[in-house]
Amino acid sequence: MSILNGQQLQRAARHTADSLPEVMSGYPFTPHLAVYKVAGHVFLIVTEDPDEQIITIKVEPAHAIALIREHASIEAGRYLDKRHWMSVGPGAGIAASLIDDLVRGSYELVVEQMNRSDLDRIHRKLDEE
């Protein structure tokens with residue numbers, strides 16, 4: 001397992017997000033925060049500040065607590081509800097597989113909360129793949 005630096009961490013998160021159905025990205029808040037959404041709901045924020053190369057993702061509170069205890073470079077989310085979001089920076093134990101799992105998990109949490117028509121559209125897209 002190789003440890004990712006900040007750019008690699010962000011690249012891995014972007015790659016995973018871009019591979020998921022119905023994902024759109026943009027800069028609705030500031031020019032330095034890339035925001036990834038599915039059906040209009042945020043699931044990933046990539047901070048484009050060279051001094052703070054982090055990602056912020058949605059997470060189940062119990063899972064966040066465990067990850068924060070396990071990794072020094074994971075903390076409560078910087079931009080959103082600190083109970084349901086966490087920020088991940090480069091550090092020991094932060095590998096591409098972890099980032100992939102976290103981004104997919106964040107996406108799935110958001111999808112689970114969607115209305116029926118948005119869910120049906122995403123399921124049709126998944127069936128096409």
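Reader: Hi! What kind of model is this, and how are the residues numbered?
Author: It's a predicted model, where local features need pLDDT of at least 70, side-chain atom pairs count only at pLDDT 80 or more, and totals for chains, interfaces and linings use all residues. Residues are numbered from 1 along each chain as its sequence is written, and side-chain values use heavy atoms, with hydrogens and water left out.

Reader: Which residues form it, and how do the rings sit?
Author: Phe 43 and Tyr 107, edge-to-face, with 5.4 Å centre to centre and 80° between the planes. On the angle labels: planes under 30 degrees apart count as stacked, over 60 as edge-to-face and the rest as tilted.

Reader: Why does that pair tie parts together?
Author: Phe 43 is in strand E3 (residues 41-47) and Tyr 107 is in helix H3 (residues 96-112), so the pair links parts that are 64 residues apart in sequence. Helices (H or I, at least four residues) and strands (E, at least two) are DSSP runs, numbered from the N terminus.

Reader: Are those two buried or exposed?
Author: Phe 43 is buried, at a relative accessible area of 0%, and Tyr 107 is buried too, at 6%. Buried means under 20% relative accessible area, exposed over 50%, and partly exposed in between (1.4 Å probe, protein chains only).

Reader: New topic: salt bridges. How many?
Author: Two (a side-chain nitrogen of Lys or Arg within 4 Å of a carboxyl oxygen of Asp or Glu). Glu 48 pairs with Arg 14, with the closest N and O atoms 2.3 Å apart. Glu 48 sits in the loop between E3 and E4 and Arg 14 in helix H1, so this pair ties together parts 34 residues apart in sequence.

Reader: And which residues make the other one?
Author: Asp 100 and Arg 104, at 3.1 Å from N to O. They're four residues apart in helix H3, so about one helical turn separates them. Asp 100 is partly exposed at 22% relative accessibility, and Arg 104 is partly exposed at 33%.

Reader: Ok, helix H2. Which of its residues are buried?
Author: Pro 61, Ala 64 and Leu 67, in a helix that covers residues 61-70. They lie on the same side of H2, because they cover an arc of only 125° around the axis; the arc is that of the directions from the helix axis to the C-beta atoms.

Reader: What covers them, and what's on the face turned away?
Author: The cover includes strand E5 (74-76), strand E6 (85-88) and H3. The face turned away from the buried side carries the exposed residues Ala 62, Arg 69 and Glu 70.

Reader: Which way do the residues of E6 point?
Author: Trp 85 and Ser 87 point one way, Met 86 and Val 88 the other, and all are buried.

Reader: What does E6 pair with?
Author: E4 (residues 55-58) is joined to E6 by four bridges and runs antiparallel to it, while E5 pairs with E6 in the antiparallel sense over three bridges. Strands pair if DSSP finds at least two bridges between them. Ser 87 is the bridge partner of Thr 56 and of Glu 75.

Methods:
Rings of Phe, Tyr and Trp (its six-membered ring) pair if their centres lie within 6.5 Å; planes under 30 degrees apart count as stacked, over 60 as edge-to-face and the rest as tilted. Contact means heavy atoms within 4.5 Å.
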